[in-house]
Amino acid sequence: MPHPPHTPDGAPPDPAETHRANLPLPPPEPVDPDLGPELAPGERPERQWPVLVAISLGGGLGAAIRYGAIVVWPTPAGAFPWTILAVNVAGCAAMGVLMALLTEGWPDAPRLARPFLGTGMLGGFTTFSAYALDVQTLYETGRHARALADLALSVVAALAGVTAGAWLTRRAVRRLGRAEEGPA
């Protein structure tokens, strides 16, 4: 059943004011496969504890790896924050690879693979807060060009990383699938 058209205030749209009034809304997003559907009446939430533990362990591991990268490759005060940029881009590329593998190459992966590796490890490895702090610090110390470069480059490079990681992985998975099938 299509969703009825609506406006932000909930009133029906005026067809004379918009040509989009009769377009259906997109379908709702699918339920996160790691969490499953909402709890049934009377069902207890204990089944979520393994997911929470997997995310926590993965997050701790990812944050420790990020800290190691910062220790090995420190950024001097006022310099462009290459380490955080590299960490975030690498984490986004790895997320693209992971999601493509889990959806196309390894659909029967263990239930906790995505929460541990994706939400946990890669979520702990990447850092939006350090990126935002770096931009703010550069800007407030008068390094406006570096701040704006970091602001833009981080977003563009992270999106390129996740897109390239997913695209290359899907391509490799499909190529391997065709190779396993043999000549037609």
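## A buried asparagine

Asparagine 88 has 10% relative accessibility and therefore counts as buried (under 20% relative accessible area, with a 1.4 Å probe and protein chains only). The model you are looking at is predicted, so local features need pLDDT of at least 70 and side-chain atom pairs count only at pLDDT 80 or more, while totals for chains, interfaces and linings use all residues. Residues are numbered from 1 along each chain as its sequence is written, and side-chain values use heavy atoms, leaving out hydrogens and water.

Leaving aside residues up to four places away in sequence, asparagine 88 touches Thr126, Thr127 and Tyr131 (contact means heavy atoms within 4.5 Å).

Asparagine 88 is found in helix 2, where helices are DSSP runs (H or I, at least four residues) numbered from the N terminus. Helix 2 has 24 residues and reaches 32 Å from first to last C-alpha, close to the 34 Å expected at 1.5 Å a residue (1.5 Å times one less than the number of residues).

The buried residues of helix 2 include Ile84, Val87, Gly91 and Leu98. Among the elements covering the buried residues are helix 1 (49-72), helix 3 (113-125), helix 4 (128-140) and helix 5.

## Alongside helix 5

The axes of helix 2 (residues 82-105) and helix 5 (residues 144-181) come within 7 Å and cross at roughly 30 degrees; axes are lines fitted to C-alpha atoms over the stretch in contact, with angles from 0 to 180 degrees between N-to-C directions. Helix 2 and helix 5 are therefore roughly parallel (under 35 degrees).

Definitions and conventions
Helix = DSSP H or I, 4+ residues; strand = E, 2+ residues; numbered from the N terminus. Parallel < 35°, antiparallel > 145°, perpendicular 65-115°, else oblique. Buried < 20%, exposed > 50% of the residue type's maximum accessible area, 1.4 Å probe, protein only.
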